[in-house]
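Okay, thanks for making time, everyone. Let me put the model up, and then I'll walk you through some contacts.

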Amino acid sequence: MLNRPIYIYTELSPNPNSMKFVLNFELVPDGLSFDYPSHAAAMEEGKASPLAADLFQFPHVQRVFIASNFVTITKDDDSAWEEVLYDTKQFLKIYFEENQPVFEPKTIESNTLVVEANDTETVQKIKAALDQYVRPAVESDGGAINFHSFDEDSGAVKVLLQGSCSGCPSSTLTLKSGIENLLTRMVPGVKTVVAEGV
């Protein structure tokens with residue numbers, strides 16, 4: 001079997017502690033993303049990732065996020081990217097050249113999103129707007145946004161911010177000035193957008 005060439009380039013994200021490692025192939029089916037705030041999370045059944053677990057062996061790695069064709073790594077405050085970037089990138093390159101698994105086999109199948117039949121028309125519109133307009137922009141910054149819930153009475157949409165968005169100094173501004181403005185204009189009934197668990 002011929003090994004494919006592995007290309008990895010890095011992109012800074014709005015979060016100074018997060019770096020996006022972009023690969024030349026897909027890691028995760030479209031619309032799926034996996035956030036690992038700890039080594040224990042990377043071992044959890046149903047979302048286990050040997051890649052994320054191995055990355056936590058580096059002392060500077062605080063969080064690992066995997067989506068589309070990239071891995072976003074959030075480092076600790078004490079390490080400088082200049083000190084740890086080369087080793088981290090080399091580790092990823094070798095990992096993929098050796099065809100090591102990104103996920104346990106059950107992880108992808110147990111997390112494939114299904115459109116819920118009982119979603120209201122408003123919830124369907126919110127999910128569609130997030131997928132079409134917000135997700136590509138957030139992914140380009142090394143993060144992800146997922147719909148959490150919608151309260152019909154208050155008009156509040158709750159979203160989950162993952163990857164570089166989690167703990168990012170500019171995520172609140174993005175949430176309020178970008179995402180909230182978009183959803184309140186596009187979806188009647190939406191009055192506010194809040195981040196869950198940030």
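So, this is a predicted model. I'll start with a charged pair: Asp-119 makes a salt bridge with Lys-127, and the closest N and O atoms sit 2.7 Å apart. How exposed are the two partners? Asp-119 has a relative accessible area of 13%, so we call it buried. Lys-127 comes in at 24%, so that one is partly exposed.

Lys-125 and Glu-121 meet through their side chains, at 3.5 Å from N to O. Both of them lie in helix H5, four residues apart, which is about one turn of the helix. Lys-125 is at 37% relative accessibility, so it counts as partly exposed, and Glu-121 is at 56%, so it counts as exposed.

Then there's Glu-11 with Lys-20, where the closest N and O atoms are 3.6 Å apart. Here Lys-20 counts as buried because its relative accessibility is 7%, while Glu-11, at 24%, is partly exposed.

What is the strand order in the open sheet? It runs E6-E7-E8, three strands with mixed pairing. The edges are E6, residues 143-151, and E8, residues 192-196, each pairing on one side only. From one strand to the next, the twist averages 30°. E6 pairs with E7, residues 156-163, in the antiparallel sense, over eight bridges.

Now the nonpolar side of things. The largest nonpolar core has 31 residues, and those with the most contacts inside it include Leu-27, Tyr-36, Val-64 and Phe-96. Several elements each supply at least two residues, among them strand E2 (18-23), helix H2 (50-55) and strand E4 (61-67). Which helix gives the most to this core? That's H3, with five residues.

Methods. Residues are numbered from 1 along each chain as its sequence is written. This is a predicted model: local features need pLDDT of at least 70, side-chain atom pairs count only at pLDDT 80 or more; totals for chains, interfaces and linings use all residues. Side-chain values use heavy atoms; hydrogens and water are left out. A nonpolar core is a set of buried Ala, Val, Leu, Ile, Met, Phe, Trp, Tyr and Cys residues joined through side-chain atoms within 4.5 Å. Buried means under 20% relative accessible area, exposed over 50%, partly exposed in between (1.4 Å probe, protein chains only). Two strands pair if DSSP finds at least two bridges between them. Axes are lines fitted to C-alpha atoms, for helices over the stretch in contact, and angles run from 0 to 180 degrees between N-to-C directions. A salt bridge is a side-chain nitrogen of Lys or Arg within 4 Å of a carboxyl oxygen of Asp or Glu.
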